[in-house]
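Thanks for coming, everyone. Please look at the structure on the screen.

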Amino acid sequence: MITRKRPVAAVCALLAALTAGLACPAGAAAGEPTGQDAPKVDLVLDVSGSMRARDIDGQSRMAAAKQAFNEVLDATPEEVELGIRTLGADYPGDDRKTGCKDTAQLYPVGPLDRTEAKTAVATLTPTGWTPIGPALLKAADDLEGGDGSKRIVLISDGEDTCAPLDPCEVAREIAAKGIGLTIDTLGLVPTAKLSRQLSCIAEATGGTYTSVEHQDELTDRVNQLVDRAADPVVTPVPVEGAAECAKAPALKSGLYTDREEFGQQRWYRVHVLPGQELRASVSVAADRAVTPAYGVLLRAVTVHGREIVRGEAAGNGRTDVISTGLRHPEPERDGTDSDKPAAQAVCLAVTHSFSAASGVKTAPGLPLELTVDVVDGPSQAGDVASFGLGRGWWLLGALILTGFLAGLVWGWLSRWRVAIWRTD
């Protein structure tokens, strides 16, 4: 059993649990890869006037983006449906209202005609405003339908110019729809303010932010993100946790999604056979404005209320998603009825300390994802701690033996030198 009295073991347990949360087992009963529909990617490119700046390998930002797009289009996997949307490409005027509507679908999301897509990209000229928020809303519409993976890749060199439509709030709104859409962002020669904005957009949907200052970096990163879209999709299974352990729904290995109100606690139940190990992790996302300090707690508890093990994490407002995990091995039992051992019911309790900012709606609750993995327990030789050192005991033993032998040799040499000195 893992307890908080062994910090090294607890850290290892948490890493194992989080690793388990990234991959669903082959025999999972929930959250299996669907693979039914083609993955979709919408590349959203900033074509505002600032893209004329010549600070990427001696060429303009627009020229670097075009070159990167051409190489990405050549390398796009056949199974990926790809589209291109622009922002700030058409309106050169000063009317803000009109400029903030300047987003268009340059190439529709669908089977890729590489020649046609390249021709469309070649026509782009840096022109107008930077309506990131409106462009994201339209890009989400571009990707509607199907249960394959959906990914927006936003490339911009400047902050949104269409406030109060905050692009970070737009990203949270998209995440709250539960359509499984991820937004990755890339900042071209970014300022600190742009980096904060693009990071916030990405984190709201579980995406990534990358700072780019060279053309080859842009090409490589966009290629990686397009390729990632072709990976199998794991669709979380909706579940409704209970207010107490006795009424908790029974879960098998898989990936689940739920919503938890502010100040609420959600309970789930997992049955673990003797000799098996329960690994669980949970992520809670802030899809709306919350106070800067918060945390999440995941506990494994017996049906009688005794805590077995826990995992906890804290946040300070720099990220919109916070995760933790735990690990509990159920020991083998001795007895005559060992052929049909009874399963032990373990209750998982999820609690978070997020609090809504003033004037923010508290319903529905914050989205959470819970990963449950029940596997064969650790072997006696492979994963059981020895003197609190786990698999590192043999290294310590080798170091002790080496030190002992080195001491004997050094002592013998010293005595031999003293004997020679006295003889001379």
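Cys100 and Cys162 form a disulfide, with 2.0 Å between their sulfur atoms. The term here means a pair of cysteine sulfur atoms within 2.5 Å. This is a predicted model, where local features need pLDDT of at least 70, side-chain atom pairs count only at pLDDT 80 or more, and totals for chains, interfaces and linings use all residues. Residues are numbered from 1 along each chain as its sequence is written, and side-chain values use heavy atoms, leaving out hydrogens and water.

Back to the bond. The torsion about the S-S bond of Cys100 and Cys162 is about -100°, so this disulfide is left-handed. Cys100 counts as buried at 13% relative accessibility. Cys162 is buried too, with a relative accessible area of 5%. Buried means under 20% relative accessible area (1.4 Å probe, protein chains only), exposed over 50%, partly exposed in between.

How many disulfides does the structure hold? Three.

Next, Cys168 and Cys200. Their disulfide has an S to S distance of 1.6 Å. With -55° about the S-S bond, the link of Cys168 and Cys200 is left-handed. Both Cys168 and Cys200 are buried.

Now Cys245 and Cys347. A disulfide joins them, S to S 1.8 Å. Is the link of Cys245 and Cys347 left-handed or right-handed? Right-handed, with 55° about the S-S bond. Cys245 is buried at 13% relative accessibility. Cys347 is buried as well, at a relative accessible area of 0%.

Last, the pattern. Count the bonded cysteines along the chain, and the disulfides run 1-2, 3-4, 5-6.
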